Amino acid sequence: MSMPLNLKEGYRQFRTGRYTHEVERYLKLAQGQKPKAMIIGCADSRVDPATIFSAGPGELFVVRNVAALAPPYEETPGYHGTSAALEFAIEGLGIEDVVVMGHSYCGGVQAALTAATAQPVGRFIRPWVEIMAAARDEMLRDPNCPADPDERQYLMESLAVGVSIQNLKTFPFIQKALAEGRLRIHGARFSIAAGELEWRDPDTGVFEKVDVAAD
Ligand SMILES: [Zn+2]
């Protein structure tokens, strides 16, 4: 069999471990899903939402793409994968909370920063990360824009979450759900090395560490 060994071993552990222990849950989930939250996360292998939120099967509706971006509402034809996931989550599943979760050392955000001054970063990546182009250009024009590359990256990661939140609000079905009070939109950022989550203040756009020790 050509199956990669690491995947096969992981699957073996799932079959003999989690699935065996939670078979009732899986049988119930086969009847349908009713997750309450949706996470828009980055495809980056280090920032798995189910791991960060200790979520089991059926608990989180997740869409992951390069840089955890939500595109704006568009009526042009195309393969709008993230938009399709949003539509199903909100119209089909009645999701109550959508969280846009960026992260540290995001290669997609770095690609957007590179694209401001250098050659295209990829046939598909470049136009995709241009979702944050206006925010990036505004940041770079700002005289207070940090010169330090790490600080600049951090700022762009934070701004990108804000851009995605603004884009989410351009979808008619999201506008309707927000107006009817059945949907909330949040922003977050995960720091890989520290394993820390920051939550975005919706009014100021500032991120603050989530303090679970205080609970
Ligand atoms: Zn990323």
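**Layout**

Into which domains is the protein divided? The protein has domain 1 (1–32) and domain 2 (34–209), with bounds that come from an automatic or database domain assignment. The centres of the two domains, taken over C-alpha atoms, are 30 Å apart.

A word on reading the numbers: residues are counted from 1 along each chain as its sequence is written. This is a predicted model, where local features need pLDDT of at least 70 and side-chain atom pairs count only at pLDDT 80 or more, while totals for chains, interfaces and linings use all residues.

**Overall build**

The protein contains ten helices and six strands; these are DSSP runs numbered from the N terminus, with helices (H or I) of at least four residues and strands (E) of at least two. The radius of gyration is 19 Å, close to the 17 Å that the globule rule gives for 215 residues, so the protein is as compact as a globular protein of that length. That radius is taken over C-alpha atoms, and the rule is 2.2 Å times the number of residues to the power 0.38.

**The sheet**

Let's turn to the strands. Six of them form an open sheet in the order β2-β1-β3-β4-β5-β6, with mixed pairing; two strands pair if DSSP finds at least two bridges between them. β2 and β6 (207–209) are the edge strands, each pairing on one side only.

Strands β4 and β5 run antiparallel and are joined by four bridges. Ala 188 has Trp 199 as its bridge partner in β5.

**The nonpolar core**

The largest nonpolar core has 46 residues, and Ile 40, Ala 67 and Ala 160 have the most contacts inside it. Such a core is a set of buried Ala, Val, Leu, Ile, Met, Phe, Trp, Tyr and Cys residues joined through C-beta atoms within 7 Å. A residue is buried if 20 or more other C-beta atoms lie within 10 Å of its own, exposed if 12 or fewer, and partly exposed in between, with C-beta atoms placed from the backbone. Helix α9 gives the most to this core, with nine residues.

Leaving aside neighbours within four places in sequence, Ala 160 is in contact with residues including Ala 67, Leu 69 and Met 132; contact means C-beta atoms, placed from the backbone, within 7 Å.

**A look at Leu 197**

Leu 197 sits in strand β5 (residues 196–200). Leu 197 is partly exposed, with 18 other C-beta atoms within 10 Å. Beyond residues up to four places away in sequence, Leu 197 touches Ile 52, Ala 188, Phe 190 and Val 210. The C-alpha atoms of Leu 197 and Val 210 are separated by 5.8 Å, although the two are 13 residues apart along the chain.

Terms used
Two residues are in contact if their C-beta atoms, placed from the backbone, lie within 7 Å.
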